[in-house]
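Q: Could you walk me through some features of this model, giving the general idea before each case?

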Amino acid sequence: MHDSSHSYNTLRILSQSENGYIGQCRCCDHYNFVYGNFLFILSENGLSGFQLVLYDQEYMHDLDEALPNGKSVLFPSPIPNFMLSFTPRELEEVKGLFQETLLVLEVDKIFADNK
């Protein structure tokens, strides 16, 4: 649910593409993964876990025939009976968002350790 003290406009954008972005919330330190018309709010562990699943072919379902919307890759979400659908290009775009974000966070940790 929406917390009235929470502002969705205080994000540090870590990675951005044509169709989405991943941002770090400055007030609660969670991560917003936005792509198309969906928004996931993740912890740092959730962010890493989501990225691992993106690269695990066991979770991806390549359809023999695309759905009516042209999407041919299904990705199960943690919510029962809810799947995300992508074109192969969109899936690569999402993977790129996560790779870039985790790289930025790793650089942040290196600089924090050197202070």
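Q: Where does Asp29 lie?

A: This is a predicted model, in which local features need pLDDT of at least 70, side-chain atom pairs count only at pLDDT 80 or more, and totals for chains, interfaces and linings use all residues. Residues are numbered from 1 along each chain as its sequence is written, and side-chain values use heavy atoms, with hydrogens and water left out. Asp29 lies in the loop between β2 and β3, strands being DSSP runs of E of at least two residues and helices runs of H or I of at least four, numbered from the N terminus. Asp29 is not a glycine, yet has a positive phi of about 65°.

Q: Is Asp29 buried, partly exposed or exposed?

A: Buried means under 20% relative accessible area, exposed over 50%, and partly exposed in between (1.4 Å probe, protein chains only). Asp29, at 48% relative accessibility, therefore counts as partly exposed.

Q: At what angle do helix α1 and helix α2 pack?

A: Two packed helices are described by the angle between their axes and the distance between the axes. Axes are lines fitted to C-alpha atoms, for helices over the stretch in contact, and angles run from 0 to 180 degrees between N-to-C directions. Here α1 (residues 44-54) and α2 (residues 88-113) pack at about 140°, with their axes 10 Å apart. The two helices are therefore oblique to each other, since angles under 35 degrees count as roughly parallel, over 145 as roughly antiparallel, 65 to 115 as roughly perpendicular and the rest as oblique. The contact (heavy atoms within 4.5 Å) includes Phe50 of α1 and Phe98 of α2.
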